[in-house]
Amino acid sequence: ALVRREDYTAPAWWVRSVDLTFDLDPAKTIVASKLAIERNTERPAEPLRLDGEGLNLLRVLVDGQSVSFRHEDGQLVIDAPAADAFVLEIRNTVCPEKNTELSGLYTSGGGFFTQCEAQGFRRITYFFDRPDVMAIYTVTLRADKAKYPVLLSNGNLAEQGSLDNGRHFARWNDPFPKPCYLFALVAADLVAREQRVTSRAGKDHLLQVFVRRGDLDKTEHAMNSLVASLVWDEARFKLPLDLERFMIVAVEDFNMGAMENKGLNLFNTKYVLASPATATDTDYSLIESVVGHEYFHNWTGNRITCRDWFQLSLKEGLTVFRDQEFSQDMAGSPSARGVKRIDDVRTLRQIQFPEDAGPMSHPVRPDSYVAIDNFYTATVYEKGSEVVRMMQTLVGRGGFERGITEYFRRHDGQAVTCDAFAQSIADVNPASPLNAQLEAFKRWYSQSGTPKVTARGTAADGTWTLTLAQDFGAPQGVTSPVERQPFVIPVRVALFTRDGRPVPLKLEGDAEAAPSERVLVLSQAEATYRFLDVPADVVPSVLRDFSAPVLLDDGLTDADRLVLLAHDTDPVNRWEAGQRLALSQLVAAITGDGTLALNDAYVDAMRAVLRDPSLDPAFKELVLTPPSEAYVSEQLTVPVDPQRVHAVCQQMQDQLAARLHDDWLAAWDANQISEGYSPDGAQSARRALANLALAMLVRDAARSGDSVWPGKAYQRFKDAGNMTDRLGALGALVGAHSELATPALARFHELFQNEALVVDKWFGLQARASEKDGRVFAKVKALLQHPDFSMHNPNRVRSLLLALCNGNPAAFHRPDAKGYVFWAEKVVELDAINPQVASRLARALDRWRNLAEPYRGAAREAIARVAAKTDLSPDVREVVDRALKD
Ligand code: ARG
Ligand code: ZN
């Protein structure tokens, strides 16, 4: 059933306190719940309706007396509760070991774990499963002591001890009122790394990272990241840790990345465990940002939570913004900050832009949903973060920090809406353009789709005139209930002379000193800005630092872009200049005769970047990495033939490999590391560039028939002292279809067969390998039969099935349609096990309408085949129905 934002009503009942007792058993866990309930006197009297899903109900008591109740629409209904305040006692059982959906209480690796966001609590016991009902929790866990020596829940440990029959118990108290989606429990055989820290205010805290026995040596980085998160949030936003104890628990079977349960964060092992031998530099930085993200939720999400799930971006957009800022601050140098920003921009454009142009397009604050889990999206998270970032741009960094303080002054302890957040930021910045245009700015929350901005500059008599225009029309297939209106778009601009000198920006009628960069705020369909004393021939750098989540048409020529690539002081636009130069050649070849010949100016510019001793190697790696096939496909205005896109992109890689051969060689030599491994920015930057160089050298060897570089790569693969270099070398062999790839893959598996996260990499590398004659697709099908593959572990499914269908267009989109047939089969199979993960796989064909024939027709047919099933989960149902809707 469709749930609508406009139908929100406040709850008819409040829960003041929750007392839960769990008798844990994998086959039959008994849950006893005691709720202190009060009528919401601001609402008319209503029956009590509690959510419940898949529960076995044993009894219901009101103030100790049995009471009549009924079941209706999956809810437990008590028509006439005796009083305005009473104690409701419920006893039910659940079966954790059969919970393959991994929502609610489930078992993993012999332990008990929970995931309640968004609607998992109702799979544990009957409750008002909505975020605006907040209560104080006391939780008692009872379990076998030998099998489950560690018993955890939210808050502080109040009591623990032994029971009969080899069982024991622990009682936990969480002093902060919370919605049920933040409840968590863990009962398992775990060990913890511990650290005590003292906050600025002088308070002591115990930090713990719990993992399975044997994984303790992989927890140092997570702990360091947690300590850094604490320090950062206190320093940047004056937000301290509010609990005596803060726990992180790693679990192998987990639907998402991690979960911010109050005081007891649960993490996918992928975002906790790291050692130089098993984790790459990328893993290390992901761990840092996810640990930060969940920790930052303690304020932005937990202390102030969402009134309803339509407000999800209130906590997710803001918390992504905070984790991005944290990672940038941790990166340190301006160039390392730039590299992180480019990474974030790339993710947004590769994932969120297509989402917003396809059947799942929705506003940052959605208006309706069938399955809320489908709306944990790049739009709510990443675009939501950009909306927060634009607010910071419009009020300044200091103004934004004051706004955050005001937000907590007003709303601490409440469940609120996105409006409340924007209002707090605007109100304490009365002179800001945000405050002046708050209602218009908030269209970023209500209007879906990516606006297009056109920028055109003209010079005459020392005046440079810039015209900015926006197309704020609806994305395809979206009909908006109200007429769409212009967005408020901060456009960061600079000007350069052709030899790369910045030009002061003196706006007509502005008395102040002329800065070298300005933020123009475009809030109408079109606006014109006149800059004085500008030399005749200049190149504009528009949308610097990606100041708004828009598509930009800047009308620049290749010659202009070469100027920016050589001189722009903004890393994002400097990188973007190179990407656009690559893109225009790729698009011309794809829409032309399918052959690419890179122009000399471009190759020379790439060489200059590669050879520039002043540039950060991580930045070079980004510039020298051409746009992905998926990104290129999104830029085409003709129907997409994924095989043709692949062929042209391969030509580009081959030519970069061949024509820059000596430069790759120099880059490889210059970026070898003799010191011991550290995941820090400086070392990982050099490894990133060295690995790209190696991949290019091996690729070129495949063309020239030389066997030296494949041999060197194999040697590096064998001798590497860390996973980044080992996987880099393996990837180079696999990517070039070298003969040595097969023995290397076998050896890799043998070495790491007991390291689940590394086995994921092994599957992933094969599923993402550059397609050649259908080999990759065949390999993935064979790997489904591998004893290490399982449809029950989300990481494994992502590493094989999502890697193929979402991450390898040329292997997936086959002219014989076998990729789509395979996809349909797997979506249906997975849906019966885990709808949340199945629904992510279902989205692999979101962009089917953009495909050329025969792909388009075959893709439609495959989606229709899934949609024809009558017993789909609401999650997959919503995705395929939206995909087929005209
Ligand atoms: N709140 C978590 C995070 O972003 C995500 C949990 C989402 N889980 C889900 N099943 N939809 O940190
Ligand atoms: Zn989050």
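Visitor: What angle and axis distance do helix α3 (residues 312–331) and helix α5 (residues 378–411) pack with?

Guide: Their axes cross at about 70 degrees and sit 7 Å apart. Axes are lines fitted to C-alpha atoms, for helices over the stretch in contact, with angles from 0 to 180 degrees between N-to-C directions. Helices here are DSSP runs of H or I, at least four residues, and strands are runs of E, at least two, numbered from the N terminus.

Visitor: Why is α3 called roughly perpendicular to α5?

Guide: Roughly perpendicular means 65 to 115 degrees, and the angle is about 70 degrees, so α3 counts as roughly perpendicular to α5.

Visitor: Which residues of α3 and α5 meet?

Guide: Among them are Leu312, Val320 and Phe321 in α3, and Val380, Tyr381 and Val388 in α5. Contact means C-beta atoms, placed from the backbone, within 7 Å. The contact's residues divide into 8 nonpolar, 5 polar and 3 charged. Nonpolar covers Ala, Val, Leu, Ile, Met, Phe, Trp, Tyr, Cys and Pro, charged covers Asp, Glu, Lys and Arg, and the others, Gly among them, are polar.

Visitor: What kind of model is this?

Guide: It's a predicted model, where local features need pLDDT of at least 70 and side-chain atom pairs pLDDT 80 or more, while totals for chains, interfaces and linings use all residues. Residues are numbered from 1 along each chain as its sequence is written, with chains lettered from A and ligands numbered from 1 in the order written.

Visitor: What makes up the shell around ligand 1, by class?

Guide: You get 5 nonpolar, 3 polar and 5 charged residues. β20 (258–259) and α2 (281–296) each supply at least two of the shell's residues.

Note on methods: Angles under 35 degrees count as roughly parallel, over 145 as roughly antiparallel, 65 to 115 as roughly perpendicular and the rest as oblique. Two residues are in contact if their C-beta atoms, placed from the backbone, lie within 7 Å.
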